[in-house]
Amino acid sequence: MSEPVALKLTAKDFKSDQEVRWCPGCGDYAILAAVQGFMPELNIARENIVFVSGIGCSSRFPYYMNTYGMHSIHGRAPAIATGLSVSRPDLSVWVVTGDGDALSIGGNHLIHALRRNVNLKILLFNNRIYGLTKGQYSPTSEVGKVTKSTPVGSADAPFNPLSLALGAEATFVARTIDSDRKHLQSVLRAAAEHQGSAFVEIYQNCNIFNDGAFDPLKEPATRDDFLIRLEHGQPITFGSDGQFCVVHPPGGFGLEVRETAATPAEEIVVHDATVADPAYAFALSRLPGLDLRNTPIGVFRSVDRPSYDSVVQEQVAAARAGVDQTPEQQLSALLGSGDTWTIL
Amino acid sequence: MTKQIRQLDRVVIRFAGDSGDGMQLTGDRFTSETAQLGNDISTLPNFPAEIRAPAGTLPGVSSFQVHFADYDILTPGDAPNVLVAMNPAALKANLADLPRGADIIVNTDEFTRRNLAKVGYATSPLDDDSLAGYAVHPVALTSMTIGALAEHDVSKKDAERAKNMFALGLLSWMYSRPYESTLRFLERKFAARPELVAANVAAFRAGWNFGETTEDFSVRYEVKPAKMLPGTYRNITGNAALSLGLVAAGVRSGLPVFLGAYPITPASDILHELSKHKKFGVVTMQAEDEIAAVGAALGASYGGALGITTTSGPGVALKSETISLAVALELPLVIVDVQRAGPSTGMPTKTEQADLNMALYGRHGEAPVAVVAPKSPSDCFHAALEAARIALTYRTPVILLSDNYVANGSEPWLLPDVESLPDLRVEFATEPNGEDGTTFLPYLRDPQTLARPWAVPGTAGLEHRIGGLEKADKTGDISYDPANHDFMVRTRAARIETIPVPDVEVEDPDGDARVLVLGWGSTYGPIGAACRGLRQRGLSVAQAHLRHLAPMPANLGEVLRSYDRVVVPEMNLGQLAHVIRAKYLVDAIGYNQVRGLPFTAAELETMLEEVLKNV
């Protein structure tokens, strides 16, 4: 096989002629810039890239990408993208969605795309609020959230998107943050390289209706102590001085955070995103507290499983192998199959 | 003994039994034998939604009616001449449909006290005079089958289960059917278990021989082949024909076919059938729900495939938001609605035509789509091709309104020459279409078809974004401009309204009819048979049948206005009649039934005779 030709694209090539219309200061701008900046790395021609979105602030994303794109209907982007990806395995298909779009109205499509392992890169912008409809609580809002629709606080418990994705048999699960461009792009890179569904949760700030939701993970004073930066093959330690670590306590089901100084080095968990049992990644996804302490970011899980697209295409290819008739001849044979009789 | 042979021109047989008795298969085999003989045929299966309702009960009765004749027929027949009743429930459930004098063949082994009690018979109807008006043939079907298989290496249960083949053998003898296809069928069906092939063949032969030897059956019947157009035929159900039509649409368009579907009665058979045809490049996806099914189909259409979704009424309701998106995106999409009795779960295995309003209007906003309906089982093939043609040529969703009656009914189908099928090839956009030679305008329309270019991902230089937000004319950019929205809404309406569809044809052989019967969809057969009946009695009546419900044929208004009375029989409460009245200001008379069953020709004939008297 010959080396692919370098397309020499730049971030500018991925900017459409449409005026970007998110609120000034919205986290979506940073994500858009990071994605546009990352896209040239893929070395995929713009015409072979498609962004499909649902409804919500984040779902305006495709209009701003100079690729093919569809801004569809609320919650249905994974379903529409599945049909596109399965019938066009030559395309790089990205889904952009939000916490309401993916986890509320479209929850069913999200989990089924993940269990099928459709070759989609799903970017979930999680701002824990409904922005486009002006500030109702979302399925990722914390219990007791006071919003226009919950004046005395919401009564329902939120989803943990990564736990949900892992429960849905996702083969690639990661989390990143809108404001950390370098980290965001590293996660996009890993997602793009994954064959099958890649689920990426991006913590995104809505500065109008839920401002500062992720501040402890962003403020220089707290972020190093709060964030766990997962790196494959590395012991999981974190904190400004590496003072915290993650262990698997004997007899326990999950993972816990300990003081590094008081923990023997061999007890510190070495991160391995390729662990077959999703229980490990699930335990990682359960580490954060309500105050966002112990929030892992990076690739939680990345395992190999044949994608739905590839299995479907293989079945079609197997059925067509050795067929030497024209489609018309085949059709003629099909119509005349079964018990026939002829009248002269 | 020598049996008398009597010629008949037509016969209606109903096989009825418990849902586990194999009556659908028995009917199907009898139909196939009958087709081999060259009779014209029409069939009507009738089965419960429950897979196995409690054995021996009335709700568990499953039946299969076959009408065959030496001339062309239009319906499965109003009333059976022969009932095969495998148990008391089957007798009780079907007796009211039998005219006096009909033959009833009963399996006496099942007329036990317990089985009789299950359906409320205090005494056996075989022992009292309640069946005095009928020609009853008591046959110990089960015990004779078991007896015939005594030497066979099969369990008693398997032997008992072969009783439907005994019944089939007997009926095949009675009506002089060629049975080679049934023997071949049994060899295929039980290929893995040769002992079952032998047992079922032996049961079939035992039934045949029983007819030949017993004195109870003194007459054997013959129905001569019908005069049919020359060519090769097969018997086909509506769902099978519709599936083949969709495969043919893929071949004739050169596009891959993508079906997104969620299992639902009575449409699932289309999913099953299409999933067998991967070598044609047909991809089928059993989606997580109805919404995903249509979404995936639309996604596939966006990528350049022929996107199809198949369902029944409840599924169309769920899909409506996505169909509206397809209206806004102006992409091809075929939505098959095999209608069943509603609302809600309704009667899933019974027929109805009550989704017409939903097909025409059931979406938010002004969201017109094209609507096509097949008139008979074999017509489903051509209607599917027509739906695909409109979808591909005019880049629009098309709803194909089948129903349970045509979907599960069957008739002989004259196989078409593949080369004669419509050419459905489409041209994808490959070049910028803007005046500057570099810009691509995704909503710049073809002046003839009003269709926008189909620019599929992967086409360099035509990268563009589309979506559900209102689009500016030509550029497709998001637009909230009042005048633009008004223009786009009117253009989307005009796109559908101006699709050229063939004129509606009127059948008025006498040429002096003053009453027109207008139908659509599966009522074609019963209406046609009723009109024939009237004409045979010297009465004049005209018949017109709509295949295109949206847009309607251009000549329809003129046709309607040229008759003194327009009668519209429908299996709903007057949905087409309502449209006709609103659109053409014609005082259409509705004739409406929603019993889950097709019209009988006789009831339509009676109704029309009344109308004729009062013109």
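**A loop serine and its setting**

Ser176(B) counts as partly exposed, because it has 13 C-beta neighbours inside 10 Å; the class covers residues between buried (20 or more other C-beta atoms within 10 Å of their own) and exposed (12 or fewer), with C-beta atoms placed from the backbone. The model is a predicted one, in which local features need pLDDT of at least 70 and side-chain atom pairs count only at pLDDT 80 or more, while totals for chains, interfaces and linings use all residues. Residues are numbered from 1 along each chain as its sequence is written, and chains are lettered from A and ligands numbered from 1 in the order in which they are written. The mean pLDDT of chain B is 96, with 100% of its residues at 70 or more; pLDDT is the predictor's confidence in each residue, from 0 to 100. For the complex, the predictor gives an ipTM of 0.97 and a pTM of 0.95.

Ser176(B) sits in the loop between α6 (163–174) and α7 (180–189) of chain B. Helices (H or I, at least four residues) and strands (E, at least two) are DSSP runs numbered from the N terminus. Although Ser176(B) is not a glycine, its phi is positive, at about 50°. Most residues other than glycine have a negative phi, and most peptide bonds are trans.

Helix α6 of chain B also holds Trp173(B). That tryptophan counts as buried because 22 C-beta neighbours lie inside 10 Å. Apart from its neighbours within four places in sequence, Trp173(B) is in contact with Trp208(B), Gly211(B), Glu212(B) and Arg220(B), contact being a separation within 7 Å of C-beta atoms placed from the backbone. From Trp173(B) to Glu435(B), 262 residues apart along the chain, the C-alpha atoms are separated by 76 Å.

Asn117(A) lies in the loop between α4 and β4 (120–126) of chain A, and counts as buried because 25 C-beta neighbours lie inside 10 Å.

Chain B also has cis peptide bonds. One joins Thr265(B) and Pro266(B), with omega about 0°, and Pro266(B) lies in the loop between β10 (257–261) and α10 (268–274) of chain B. Another runs from Ala550(B) to Pro551(B), with omega near -10°; Pro551(B) is placed in the loop between β21 (548–550) and α18 (556–561) of chain B.

An automatic or database domain assignment supplies the domain bounds. Chain B is divided into domain 1 (4–223), domain 2 (234–420), domain 3 (428–497) and domain 4 (506–613). The C-alpha centres of domains 2 and 4 of chain B lie 26 Å apart, and 24 residues of domain 2 are in contact with 20 residues of domain 4. On the side of domain 2 that touches domain 4, α13 (356–361), β14 (370–372), β15 (397–403) and α15 (404–408) of chain B each give two or more residues. By class, this side has 16 nonpolar, 4 polar and 4 charged residues. Here Ala, Val, Leu, Ile, Met, Phe, Trp, Tyr, Cys and Pro count as nonpolar, Asp, Glu, Lys and Arg as charged, and the others, Gly among them, as polar.

The contact between the chains takes 52 residues from chain A and 56 residues from chain B. On chain A, β2 (68–71), α2 (77–87), α4 (107–116), α9 (308–320), α10 (327–335) and β12 (340–343) each supply at least two residues of the side that touches chain B. The largest share, 8 residues, comes from α2(A). The residues of this side of chain A divide into 24 nonpolar, 20 polar and 8 charged.

Strand pairing also crosses between the chains. β2(A) runs parallel to strand β17 (residues 465–467) of chain B and is joined to it by 3 bridges; two strands pair if DSSP finds at least two bridges between them. Within this pairing, Gly69(A) has Arg465(B) as its bridge partner.

Key
Contact = placed C-beta atoms within 7 Å.
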